[in-house]
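Subject: Structure for you to look at

Hello,

Here is the structure I promised to pass on. Please open it beside this email and follow along.

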Amino acid sequence: MSDHAAEGVMGNISRWLTTTNHKDIGTLYLLFALLMFLVAGFMALMIRAELFQPGLMFMQPNFYNQMVTLHGLVMIFGAIMPALAGFANWQIPLMIGAADMAFPRMNNWSFWILPAAFSLLFMSYFAPGGWPNFGWTFYAPLSSTYGPPSTDFMILSIHLMGISSIMASINIVATVVTMRAKWMEYMDMPIFVWSWFITAFLLISIMPVLAVTVTMLLFDRHFGTSFFNAAGGGDPVLFQHLFWFFGHPEVYVLVLPAFGIISEVVPTFARKPLYGAKFMIYAIACIAILSFIVWVHHMFTSGVMAWIKIFFMITTMIVAVPTGIKIFNWIGTLYRGAVSFEPPMLFALSFIVLFTIGGFTGLMLGVVVADYQYQDTYFVVGHFHHTIVSGVYFSILAGVYYWLPKWTGRYYSFRLANWHFWLSTISVNLTFFPMYFLGLIGMPRRIPDYNIQFTDLNMLASVGALIFGLTQLIFVWLLIENIFFSKGEKASSKVWDEPRGLEWTVPSPAPHHTFMTPPDPLPEQ
């Protein structure tokens with residue numbers, strides 16, 4: 001390599017390491033999230049391959065538990081959250097008229113801490129006993145008294161992830177508060193900005209709780225304390241309370257930005273303003289507040305008092321109200337809109353349907369007497385994955401397909417994108433719907449072997465998972481074509497002005513009115 005070429009390579013590396021440009025950092029977040037998604041997805045395929053039929057096929061129980069633990073941690077903290085942070089970095093300054101984020105250097109740090117955090121997590125393989133093996137919720141005493149030495153790597157990794165999230169959240173709040181265009185009032189901000197503004201406050205509130213929890217865990221392991229050790233006067237259930245006080249708002253950390261993305265996509269392809277935009281903002285705020293008082297619905301079988309169960313069952317039901325408002329607002333936006341079915345809209349519509357199913361199964365889990373049947377079965381696995389995969393992940397795909405032409409200046413292959421949509425939607429349901437029935441007939445989760453009566457449904461789920469995993473390679477190839485090979489028609493300045501969707505769909509008639517202003521009187525007959 002010539003000196004000039006070497007200088008060019010070093011210059012590019014230096015540029016990406018030290019960049020403070022919000023678009024570059026957004027791109028880094030998105031590429032890192034894609035890499036972690038592929039890693040965590042491969043772990044999920046290994047889990048499903050082991051569960052294809054009864055008997056231990058190629059995994060020992062300990063390694064199976066390690067895969068379950070890492071799949072959860074990497075997918076949530078390494079794939080979904082960084083992907084949503086990538087959207088925030090790219091779009092928030094553009095949407096509010098800011099030149100960049102409020103603290104560009106801190107923005108750079110908030111990203112580069114993440115690769116260090118996950119390097120620590122993966123390096124724990126070389127500690128005695130290998131990777132952590134107690135599930136992504138790392139309940140005590142499994143993680144405190146019996147956890148392998150690699151648990152300490154995981155604790156430090158979680159601390160770094162939390163620091164990254166808090167720094168990014170402070171940056172978002174400061175940017176929105178201080179750098180909006182002069183004419184832009186709070187209620188003028190796009191829904192996506194509102195969703196991340198509220199999510200940032202959620203993260204600032206809950207990440208210290210997780211930090212305290214893992215620090216107490218570290219002290220129990222090495223400094224002789226007994227926070228979670230019953231033999232020393234501690235309480236293992238305290239760990240569950242602390243974890244889920246973080247864990248349930250964390251679900252909404254993932255879901256609220258997804259709501260924001262869908263609220264940008266649906267009006268664009270319905271050719272109408274968002275129906276009830278102010279109520280959408282209020283609903284996001286209500287969900288964020290209520291998320292702090294529902295955590296015990298994860299613990300109905302842990303021995304808490306009956307009146308506490310009833311209280312948390314009621315608050316869980318109440319959360320469905322603002323969530324339902326959002327669903328009806330999206331449907332109201334679609335009503336009598338000039339709808340076209342480009343790939344972003346297809347994923348958004350699939351999100352609305354499948355996330356609603358995930359929400360209804362969540363209500364089932366929130367009923368105390370029913371939860372005794374569902375708890376720790378595959379019903380819970382089906383619910384969570386229907387919410388996160390066909391919910392949050394589909395919203396991320398909708399966002400990428402929506403904004404990618406604006407980011408790269410070129411349209412992608414709509415043929416590949418449509419194949420990606422249909423195969424993903426069919427396979428995701430083939431994967432997760434059987435899990436509801438597995439749970440209802442009694443199959444416990446987090447086990448590498450099972451009774452022969454569960455075989456057929458597990459085979460269906462494993463085949464669906466394989467198809468879903470392979471389908472995501474279409475998405476990867478589409479990105480490579482668009483970004484690195486610059487294939488595709490050049491995008492116009494107003495990317496989605498004209499319908500560019502499926503050839504056999506026809507937009508519906510223009511709306512009579514937008515529901516934002518009083519309708520014109522109908523002509524007399």
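Thr 213 is buried, with a relative accessible area of 0%. (Buried means under 20% relative accessible area, exposed means over 50%, and partly exposed lies in between; the probe is 1.4 Å and protein chains only are used.) You will find Thr 213 in helix H6. (Helices are DSSP runs of H or I with at least four residues, strands are runs of E with at least two, and both are numbered from the N terminus.) Leaving aside neighbours within four places in sequence, Thr 213 is in contact with Phe 228, Phe 239 and Leu 242. (Contact means heavy atoms within 4.5 Å.) Val 255 is 42 residues from Thr 213 along the chain, and their C-alpha atoms are separated by 23 Å.

A note on the source. This is a predicted model, where local features need pLDDT of at least 70, side-chain atom pairs count only at pLDDT 80 or more, and totals for chains, interfaces and linings use all residues. Residues are numbered from 1 along each chain as its sequence is written, and side-chain values use heavy atoms, with hydrogens and water left out.

Ser 165 sits in helix H5. Ser 165 is buried too, at 12% relative accessible area. Beyond its neighbours within four places in sequence, Ser 165 is in contact with Met 81, Leu 203 and Met 207.

How many cavities of 30 Å³ or more are there? The count comes to one. (On a 1 Å grid over the protein atoms alone, a cavity is a set of points where a 1.4 Å probe fits but cannot get out; a pocket is an open set with protein on both sides within 12 Å along at least five of seven lines; lining residues have an atom within 4 Å of a point.) The largest cavity holds about 180 Å³ of space. (Grid points are joined across faces, edges and corners, and a volume is the space filled by probe spheres set on the points.) Its lining has 16 residues, and Tyr 29, Met 81, Pro 82, Ala 85 and Ser 165 lie nearest the centre. H3, H5 and H6 each supply at least two lining residues. The largest share, six residues, comes from H5. The lining of this cavity divides into 13 nonpolar, three polar and no charged residues. (Ala, Val, Leu, Ile, Met, Phe, Trp, Tyr, Cys and Pro count as nonpolar; Asp, Glu, Lys and Arg as charged; the others, Gly among them, as polar.)

Next, the second largest pocket. Its volume is about 610 Å³. The pocket is lined by 24 residues, with Thr 27, Leu 30, Leu 31, Leu 479 and Ile 483 nearest its centre. Helix H2 (22-50), H3, helix H12 (378-408) and helix H14 (455-483) each give at least two residues to this lining. H12 gives the largest share, seven residues. By type, the pocket lining has 22 nonpolar, two polar and no charged residues.

On to the nonpolar core. (A nonpolar core is a set of buried Ala, Val, Leu, Ile, Met, Phe, Trp, Tyr and Cys residues joined through side-chain atoms within 4.5 Å.) The largest one has 162 residues, and those that touch the most other members include Phe 77, Ile 92 and Trp 330. Helix H3 (residues 61-96) provides the largest share of this core, 21 residues. A second, separate core has six residues, among them Leu 365, Tyr 374, Val 380 and Tyr 436.

Last, the charged pairs. How many salt bridges does a search of the whole structure find? It finds three. (A salt bridge is a side-chain nitrogen of Lys or Arg within 4 Å of a carboxyl oxygen of Asp or Glu.)

- Asp 24 pairs with Arg 15, with the closest N and O atoms 2.9 Å apart. Asp 24 counts as buried at 12% relative accessibility, whereas Arg 15 is partly exposed at 38%.
- Arg 221 and Asp 152 meet at 2.9 Å, N to O. Arg 221 lies in helix H6 (residues 191-222) and Asp 152 in helix H5 (residues 150-178), so the pair ties together parts 69 residues apart in sequence.
- Arg 445 and Asp 376 meet at 3.0 Å, N to O. Asp 376 is partly exposed, with a relative accessible area of 38%.

Best wishes
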